[in-house]
Amino acid sequence: MNGLGVAAFSLDWTSIASFLGSPLVSPFFATVNVAVGYVAFMYLIMPTVYWGFNLFNAKNFPIFSSDLFDSHGQVYNVSAIVNNQFQIDMPAYEKQGRVSLSMFFALSYGIGFAAIVSTLTHVALFNGREIYEQFRASKKDGKTSGLNVITEYAIGLILPGKPILNVCFKTYGYISMAQAISFLNDFKLGHYMKIPPRSMFIVQLIGTVIAGTVNIGVAWWLLSTVENICQHELLPPNSPWTCPNDRVFFDASVLWGLVGPKRMFGSLGNYPALNWFFLLGAFGPLLVWLLHRAFPSHKWIQLINLPVLLGATANMPPATAVNYNCWIITGTIFGYFVFRYRKAWWLRYNYVLSAALDAGVTFMAVLLYFTLTMNETSVSWRGANGEHCELVTCPTAKGIVVDGCPVY
């Protein structure tokens with residue numbers, strides 16, 4: 001679950017589809033873009049900048065972690081820099097020092113900056129004329145770009161030191177859009193399965209009301225009944241209550257809201273160089289477009305989608321290598337081999353299978369919780385017993401002392 005995860009693999013559908021969605025509904029060219037971006041970032045860029053250049057003092061921290069650290073490699077004590085109004089306590093912050101990130105976490109933000117700008121450039125170059133014509137005809141283009149980092153960055157610059165305000169702005173500015181896009185993706189899947197649009201919409205509407213109500217109730221119940229929930233350092237290795245998404249959300253509220261962009265990615269932080277990724281994202285699609293214009297007979301060039309390629313690792317963390325490895329392999333099997341050699345089967349059953357796997361996982365998760373977890377019954381085996389390399393969460397720099405890790 002940590003480290004570079006070479007050859008990590010899982011047959012668990014929750015691991016395959018939990019962060020990137022179902023690989024069965026992803027077009028193969030999109031799967032290839034994700035695979036190229038993931039492999040390049042994970043296995044070429046990361047080892048180079050970590051072991052080769054020690055960028056941003058990377059060796060002071062684990063190579064892959066969503067935790068926040070101080071300059072000595074210790075987990076940052078966030079509670080110590082928060083006052084009773086849930087705002088930053090500047091004297092305490094100056095005493096503890098700047099917040100540092102693992103190499104992967106830091107570069108993932110830089111790649112995110114590039115992905116945001118590349119979306120605008122890519123759409124303008126490859127779809128600009130179509131959008132303009134549609135705009136003249138219908139006054140709308142239907143295009144959206146990722147707002148996750150932009151909303152955090154913007155409100156963090158305007159009102160730094162206020163994490164609650166930051167997450168509220170992010171929720172209404174980005175997560176509402178993300179939920180709407182998820183709604184549309186499900187609607188598209190229903191269209192592929194020949195479900196009448198009106199029936200699909202009614203079922204989605206009812207499901208949204210039920211899910212929203214149930215989720216809130218279950219969340220409060222778990223918070224009050226599960227001991228040490230979301231505190232991964234206090235939970236057993238095979239605990240399902242580590243809350244990877246929520247921990248990253250919390251860390252983001254600290255980085256963008258409490259500490260603020262200026263003290264992280266500006267002149268007062270450790271990572272101002274990451275802002276150059278905005279420029280990379282602006283000119284990257286231009287290079288692809290020029291290659292496409294220069295070699296129009298090479299049809300594969302126009303399938304290079306830099307927003308998808310750069311955003312390939314946008315879910316890491318909380319997603320890990322095992323999620324990406326099995327997603328890419330599954331997507332390749334169904335998107336290329338099954339589609340090419342068993343197309344009749346693919347046309348008839350591919351999307352049905354995807355929906356069935358999603359529904360089956362949901363049903364079994366509920367069933368297993370009430371029949372096994374509530375009775376404190378679990379299965380102990382190698383795949384569920386946590387990390388088998390304890391050093392994967394350790395720094396590698398000389399002189400950095402962290403509990404449970406060797407000192408070099």
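This is a predicted model: local features need pLDDT of at least 70, side-chain atom pairs count only at pLDDT 80 or more; totals for chains, interfaces and linings use all residues.
Colleague: Which residues of H2 meet which residues of H11, and what makes that a contact?

Modeller: From H2 there are Phe28, Thr31, Val34, Ala35, Tyr38, Met42 and Tyr43, and they meet Ala321, Tyr324, Asn325, Trp327, Ile328, Gly331, Thr332, Gly335 and Tyr336 in H11. Contact here is heavy atoms within 4.5 Å. Residues are numbered from 1 along each chain as its sequence is written, and side-chain values use heavy atoms, with hydrogens and water left out.

Colleague: Why are H2 and H11 called roughly antiparallel?

Modeller: The axes of H2 (residues 28-52) and H11 (residues 321-341) cross at roughly 150° and come within 10 Å. Angles over 145 degrees count as roughly antiparallel, so H2 and H11 get that label.

Colleague: OK, on to the cysteines. How do you know that Cys230 and Cys243 form a disulfide?

Modeller: Their S to S distance is 2.0 Å, and the definition asks for a pair of cysteine sulfur atoms within 2.5 Å, so the pair qualifies. The link is left-handed, with -75° about the S-S bond. Both Cys230 and Cys243 lie in the loop between helix H7 (197-225) and helix H8 (244-259), so the bond ties together parts that are 13 residues apart in sequence.

Colleague: What makes Cys230 partly exposed but Cys243 buried?

Modeller: Buried means under 20% relative accessible area, exposed over 50%, and partly exposed in between (1.4 Å probe, protein chains only). Cys230 has 24%, so it counts as partly exposed, while Cys243 has 13% and is therefore buried.

Colleague: Which other pair is bonded?

Modeller: Cys394 and Cys405, with sulfur atoms 2.0 Å apart. That link is left-handed too, at -85° about the S-S bond. Both of these cysteines lie in the segment after helix H12 (343-371), so the pair ties together parts 11 residues apart in sequence. Cys394 and Cys405 are both buried. The search of the whole structure finds two disulfides, and the pairing in sequence order is 1-2, 3-4.

Notes: Helices (H or I, at least four residues) and strands (E, at least two) are DSSP runs, numbered from the N terminus. Axes are lines fitted to C-alpha atoms, for helices over the stretch in contact, and angles run from 0 to 180 degrees between N-to-C directions. Angles under 35 degrees count as roughly parallel, over 145 as roughly antiparallel, 65 to 115 as roughly perpendicular and the rest as oblique.
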